[in-house]
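Hi,

Here is the structure I promised to pass on. Have a look at it first, then read my notes below.

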Amino acid sequence: MPLAIGTSRDRDFIPSFGEYIIISKEYWDAAPDAGREDTLFHELGHCILNRVHTTKLLPMWDGTYRPASLMYPTDFPGIIYLEYRKEYIDELFENAPFYIKHRLMENGPIKATK
Ligand SMILES: [Zn+2]
């Protein structure tokens with residue numbers, strides 16, 4: 001049975017191509033909301049959007065770099081995710097199959113709950 005594993009540091013040690021996402025309780029209980037959200041988007045990117053990992057980086061205002069995608073293979077700081085949340089979600093779906101984009105248009109944009 002294909003599995004997708006979400007943990008904070010090694011969320012992909014089992015290849016995640018399939019219908020299931022299994023996240024360790026230890027990770028989930030310890031993760032902040034932003035970490036839970038970006039991990040779920042990452043794993044759903046594998047399962048629903050057939051996305052693979054990318055290590056592409058983008059420069060930030062301070063001369064450092066950030067992952068260009070939620071499909072970055074390792075965890076990154078939640079503060080970066082939250083600062084660029086819209087860009088990350090847009091990037092995740094920009095090449096999504098039409099039927100998924102159509103469903104998103106029907107249901108409206110993804111909204112933050114806080
Ligand atoms: Zn992954």
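Predicted model: local features only at pLDDT ≥ 70, side-chain atom pairs only at ≥ 80, totals over all residues.

Let's start in the middle: the largest nonpolar core is made of six residues, namely Phe 41, Leu 70, Met 71, Tyr 81, Tyr 88 and Leu 92. As a general rule, nonpolar side chains in soluble globular proteins tend to be buried together.

The chain has a mean pLDDT of 78, with 74% of its residues at 70 or more. Over residues 1-18, though, pLDDT stays under 50. The model does have 46 contacts beyond four places in sequence for residues 1-18.

Now the overall layout. You'll find five helices and four strands, and from the N terminus they run β-β-α-α-β-β-α-α-α. Of the 114 residues in the chain, 21% are buried.

Which of its residues are buried? They are Tyr 88, Glu 91 and Leu 92. These three sit on the same side of α4, because they cover an arc of only 100° around the axis. Lys 86 and Asp 90, on the other side of α4, are exposed. And what do the buried residues of α4 pack against? Their partners are α2 (33-47) and α3 (78-83).

Cheers

Definitions and conventions
Residues numbered from 1 in each chain as written. Core = buried A, V, L, I, M, F, W, Y, C linked by C-beta atoms within 7 Å. Buried ≥ 20, exposed ≤ 12 C-beta atoms within 10 Å, placed from the backbone. pLDDT = per-residue confidence, 0-100. Contact = placed C-beta atoms within 7 Å. Helix = DSSP H or I, 4+ residues; strand = E, 2+ residues; numbered from the N terminus. Arc of directions from axis to C-beta.
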